[in-house]
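Hi everyone, thanks for coming. Let me put the structure up on the screen, and then I'll walk you through a few places in it.

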Amino acid sequence: MQKNKKALVLLNMGGARNKAELKMFLTNMFNDKNILTMKSNLLRKLIATFIVTSRLDSAWKNYEKIGNESPINKLTEKLVQKANEKIEDFMTYQVMRYTPPFAKNVIEQMKKDEITEVILLPLYSQYSTTTTKSSLEDFIYFAKDNFKIQIIETFYKNDSFNECILDEIISKIQSPSEYNLIFSAHGLPQKIVDAGDPYEKQMNEHVKILSDKLSQKGINFKSINLAYQSKVGPLKWLEPSLENMLKNFKNENVLIYPIAFIVDNSETDFELDIEYREIAHEIGIKDYKVCKCVNDSDEFIEAIKDIIK
Ligand SMILES: C=CC1=C(C)c2cc3[nH]c(cc4nc(cc5[nH]c(cc1n2)c(C)c5CCC(=O)O)C(CCC(=O)O)=C4C)c(C)c3C=C
Ligand SMILES: [Fe+2]
Ligand SMILES: [Fe+2]
């Protein structure tokens with residue numbers, strides 16, 4: 001009898017490799033009913049077309065400043081390659097939500113590879129309907145009844161994962177007491193939170209877990225804070241905004257950790273490293289440092305082993 005063939009599928013958002021793919025990313029994102037939550041598909045389509053048309057050129061200028069592509073694709077490919085080398089008993093695949101490789105095509109390959117069992121691991125440690133739920137629904141829709149599926153919805157409480165985050169924070173600076181640590185999370189419209197999305201609650205819990213671990217290790221920052229970046233459009237989003245948070249630290253030092261992301265992307269390489277750095281400079285912040293995401297580090301591969309155990 002043939003042994004079960006198991007797959008680990010890493011789900012993420014995707015990102016543009018060129019301007020045409022940025023249009024694809026934005027079009028797919030704003031046609032996602034988890035992002036624009038109105039009932040009418042027609043209204044969503046009209047708003048999506050309006051946003052894409054008005055946003056494309058200005059958004060592309062940001063990608064030009066980071067080498068004409070999002071780093072998310074190459075970094076995720078490296079993560080998958082390492083997982084395939086180091087995680088035994090599983091074939092690892094990646095599926096992106098808004099740019100290739102799409103679920104539909106990866107699932108065809110998985111069927112050819114005779115996969116029977118699947119673990120779905122969305123690369124978002126905190127659950128949001130806009131990210132985790134959207135990616136899971138998309139995969140499950142195309143997978144139909146082809147595999148036995150197990151789902152990992154969150155992993156922000158996983159100790160090995162949190163050690164990876166702390167390693168990066170600790171390696172970035174010599175004297176924590178002279179720095180204000182800001183966990184910067186991607187924002188979310190307040191009405192999505194009010195409708196029951198657990199992201200904000202889990203984000204607060206995650207910051208508490210990391211703060212407690214830092215103090216257990218005797219590492220005491222001047223302050224530890226949570227703020228939200230990347231607001232899009234006129235609605236109210238989660239607060240405090242990163243910009244307002246930075247205003248508290250004129251003449252002080254700041255270390256940013258991008259807590260919502262697992263793999264570096266345009267929101268870390270452009271927004272945090274270029275755009276908010278300029279804002280920090282204008283505010284008069286002395287030193288402004290940005291941590292890397294866990295990316296394809298050996299430590300994160302070990303954490304994945306623990307998460308899927
Ligand atoms: C209504 C709009 C958006 C919601 C809600 C949203 C939630 C959300 N997004 C991420 C992670 C990423 N978002 C990225 C880019 C990006 N996000 C939005 C809008 C919303 N995100 C836009 C329009 C864009 C494109 C860039 C821009 O025009 O500003 C990315 C980067 C992808 C890349 O190119 O590298 C990531 C990653 C999370 C975690 C989240 C909710 C929790
Ligand atoms: Fe986003
Ligand atoms: Fe952004």
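Let's begin at the ligand, with histidine 186: one of its polar side-chain atoms sits 3.1 Å from a nitrogen atom of ligand 1. Before going further, please keep in mind that this is a predicted model. The protein covers 97% of the 800 Å² of accessible area that ligand 1 has on its own. Which elements give two or more residues to the shell around this ligand? They are α1 (19–30), α2 (41–64), α5 (129–143) and α10. The largest share comes from α1, with 4 residues.

There are 25 residues around ligand 1, and those that come nearest are Met13, Arg55, Tyr63, Ser70 and Ser266. Two of these names come back when we look at oxygen atoms of the ligand. For arginine 55, a polar side-chain atom is 2.8 Å from an oxygen atom of ligand 1. For tyrosine 63, an N or O atom of the side chain is 2.7 Å from an oxygen atom of ligand 1.

Are they buried or exposed? Glutamate 267 is buried, at 18% relative accessible area, and glutamate 271 is buried too, at 12%. The cut-off for buried is under 20%.

Next, the strands. In strand β1 (residues 6–12), 6 of the 7 residues are buried, so the rest of the structure largely encloses this strand. β1 pairs in the parallel sense with strand β2 (residues 90–96), over 7 bridges, and valine 9 has tyrosine 93 in β2 as its bridge partner. β1 also pairs with strand β3 (residues 117–122), again in the parallel sense, over 6 bridges. Here leucine 11 stands opposite proline 122. While you have the strands in view, remember that in a regular strand the side chains alternate between the two faces of the sheet.

One more strand residue: leucine 181, in strand β5 (residues 179–186). Its relative accessibility is 0%, so leucine 181 counts as buried. From leucine 181 to lysine 157 it is 24 residues in sequence and 20 Å in space, C-alpha to C-alpha.

Last, some backbone details for those of you who like checking geometry. Most residues other than glycine have a negative phi, and most peptide bonds are trans. Where do we find cis bonds here? One runs from proline 100 to proline 101, with omega near 5 degrees, and proline 101 is in the loop between β2 and α4 (103–112). Another joins glutamate 239 and proline 240, with omega about 5 degrees; proline 240 is in the loop between β6 (223–229) and α9 (242–246).

As for positive phi, aspartate 89 has a value of about 75 degrees. Aspartate 89 lies in the loop between α3 (72–86) and β2 and is exposed, at 58% relative accessibility. Asparagine 295 has a positive phi of about 50 degrees. Its loop runs between β8 (288–290) and α11 (298–307), and asparagine 295 is buried, at 8% relative accessibility.

Key:
Residues numbered from 1 in each chain as written. Chains lettered and ligands numbered in written order. Predicted model: local features only at pLDDT ≥ 70, side-chain atom pairs only at ≥ 80, totals over all residues. Heavy atoms only, no water. Buried < 20%, exposed > 50% of the residue type's maximum accessible area, 1.4 Å probe, protein only. Pairing = 2+ DSSP bridges. Near = heavy atom within 4 Å. Polar contact = N/O pair within 3.5 Å; in protein donor to acceptor, adjacent residues only side chain to side chain. Areas by Shrake-Rupley, 256 points an atom, 1.4 Å probe, with all protein chains shown as cover.
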